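Me: Please take a close look at one part of this model. Then set it beside a few other spots.

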Amino acid sequence: MKLNENSKILAAASIVLKQIGLILIALLFATILLAVSGYDPFAIVRGIGRSLTSDIAGTVRWATPLILAGLAICVTYKAEVFNLGVDGQIYMGAAAATAVAMALPATMNHGISVTLVFIAAMLAGAAFAMIPALMKVYLGTDEIVSTLLLNFVAALYIEYLVTGPLRDPNEAMNMNASPIISENTWLPRLAVFSPSSANIGIFMAIIIMILLTFMFYRTSFGHEIKIVGSNPVLARYSGMKPKKTVLQVMAISGAIGGIIGAIEVTAVQHRLLPGFNPDFGFDGIVVSLLANNNPIGVFFSGIFFGALKNGGINMERITDVPSAMTEIVTATIFIVICAKFVLPKIKKRIKDKKSAEEGGK
């Protein structure tokens, strides 16, 4: 028993060390890219260092939506369902949060107001996720395509809202945005980081991480999700309902996406803006993959990517590196991390092809 426990600890430590090694390799590629481009090669390292020391507030601000996005992706990946529509669910959650916040009376209790806003956002995100889920279950539609395309529908819907029904009629600069929502619907920011936009959404992320960890490893539903993901035929013969499980994980994922939208509206922007979401959903895919789709790992992976995002912003402030180069450096790190998951599949495909050719001879 003790030997078994030690082997588990060693296996977990090995995974962590591999992830750290992957991050270091990614940063090495980024520094080489900066040096070849004629910029300070250690600019990204200094930017991340500042994110983890003097500008922790910025890291918390960016880590919050990235952790939640990673958790939203993690839920569906466990069931081998690929939800690439988290960004769309974020948009719909933000739209619902704004509409409810504008409709609530300014005299309503703050706690009740915020709760109603977040419930509306979660329902909107879950409902939007149900569209591709139902298409997959009853029509056999590929969820990768349907969820991806629905992101554009949601983004255009936000454009429609901020130029039409929810547009601020008193905006002097003719800005396409909703009115600033009532303060009784604002999600509190962290006073210790004032005046930063870092907010208590980070505690929501921690709570959701704990709930998902408990669900995956301590409940029959979590076990069912894993079985459905690994072998849906076996799950069906065992009395499970794979179709129902797909709908459930997509609803949970969409609800988490809706929470991200509500946080951005109620804690960061305090209004609905068309470009408030810098593709948190797609970033969440990398956050989840780096953590091997483990909720606890997603938390730490999200912190790293939050520091990376904030580090890129700091890099622009403290060096002469332009914003375009910041995006290129970030993309390079993403590609290196994603390569970990793509290369083994390519190798397997080549090996299978060689085996087939040798068998044909």
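Where is Phe42 found?

Reply: This is a predicted model, so local features need pLDDT of at least 70, side-chain atom pairs count only at pLDDT 80 or more, and totals for chains, interfaces and linings use all residues. Residues are numbered from 1 along each chain as its sequence is written, and side-chain values use heavy atoms, with hydrogens and water left out.

Phe42 is found in the loop between helix 1 (2–36) and helix 2 (43–51). Helices here are DSSP runs (H or I, at least four residues), numbered from the N terminus. The relative accessible area of Phe42 is 52%. That makes Phe42 exposed. The classes are buried under 20%, exposed over 50% and partly exposed in between, with a 1.4 Å probe and protein chains only. Leu27 is 15 residues from Phe42 along the chain. Their C-alpha atoms are separated by 9.5 Å.

Now Thr185. This residue sits in the loop between helix 6 (143–163) and helix 7 (201–218). Thr185 is buried, at 0% relative accessibility. The Thr185 side chain reaches the backbone oxygen of Ser182 at 2.7 Å. Setting aside neighbours within four places in sequence, Thr185 is in contact (heavy atoms within 4.5 Å) with residues including His110, Ser113, Val114 and Val117. Thr266 is also among the contacts of Thr185.

Last, Leu116. Helix 5 (residues 110–139) holds Leu116. At 36% relative accessibility, Leu116 is partly exposed. Ile112, Leu116, Ile119 and Leu123 make a nonpolar surface patch of about 360 Å².

Notes
Patches are made of residues with over 30% relative accessible area and no salt bridge: like charges are joined within 9 Å, nonpolar side chains (Val, Leu, Ile, Met, Phe, Trp, Tyr) within 5 Å. Accessible areas come from the Shrake-Rupley method with a 1.4 Å probe; for residues, only the protein chains shown count as cover. A salt bridge is a side-chain nitrogen of Lys or Arg within 4 Å of a carboxyl oxygen of Asp or Glu. Helices (H or I, at least four residues) and strands (E, at least two) are DSSP runs, numbered from the N terminus. A polar contact is a pair of N or O atoms within 3.5 Å; within protein, one must be able to donate a hydrogen and the other to accept it, and residues adjacent in sequence count only if both atoms are side-chain atoms.
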